[in-house]
Amino acid sequence: MQIDFAKLSTKDRYKMLVSSVVPRPIALVSTIDHNGIVNAAPYSFFNAVCDSPPTVVLGVNSHGPDNAKDTANNIRNTGEFVVNLVTEEIADGMNITAVDFDPEVDEFDVAGFTHGQSVKVKPPYIVESPISFECRRIVNLEL
């Protein structure tokens, strides 16, 4: 089968990608802005890409031109984020964090997650997640 992505709508391209590249992990990313407001949001365009140095890649779509998501803004401004892995037990909370809340809303509180004090970065980790990676941005690539 050959599919011309140029002929698909944005929604259909997304559906094709996420249903074809499987299994696909979900990064439940926590960030914090310069005012101390915590953000959490899930991203399915995520994976580990290198072990030395340990590196993950995170794809964050935007709301539109010059309208970045809170996660992207926070990572760009602070250089720090935490990737919390998702299990079935926290999937409902993860889905809540997918809502497009205003920047001043702490998604941890709305989703019922517990703030964990990270060791090397300022954003908290999600205590309920079995594995959390404290991360520092290496590079931003904007497409």
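This is a predicted model: local features need pLDDT of at least 70, side-chain atom pairs count only at pLDDT 80 or more; totals for chains, interfaces and linings use all residues.

I started with cysteines, taking a disulfide as a pair of cysteine sulfur atoms within 2.5 Å. My search of the whole structure found zero disulfides. The sulfur of C50 has its closest cysteine sulfur in C135, 13 Å off, so the gap is too far for a bond. I also noted burial (buried is under 20% relative accessible area, exposed over 50%, partly exposed in between; 1.4 Å probe, protein chains only). C50 is partly exposed at 37%, while C135 is buried at 10%.

Residues are numbered from 1 along each chain as its sequence is written, and side-chain values use heavy atoms, with hydrogens and water left out.

Next I looked for aromatic pairs (ring centres of Phe, Tyr and Trp, the last by its six-membered ring, within 6.5 Å; planes under 30 degrees apart are stacked, over 60 edge-to-face, the rest tilted). I found two in the whole structure. Y14 and F45 have ring centres 5.9 Å apart and planes at 90 degrees, so I logged them as edge-to-face. I wrote down Y14 as partly exposed at 38% relative accessibility, and F45 likewise as partly exposed, at 29%. F108 and F113 have centres 6.5 Å apart and planes at 80 degrees, so this pair is edge-to-face. Both F108 and F113 are buried.

Last, I checked S30, which counts as buried at 0% relative accessibility. S30 touches F108, among others including N39 and Y125 (contact is heavy atoms within 4.5 Å; residues up to four places away in sequence are not counted).
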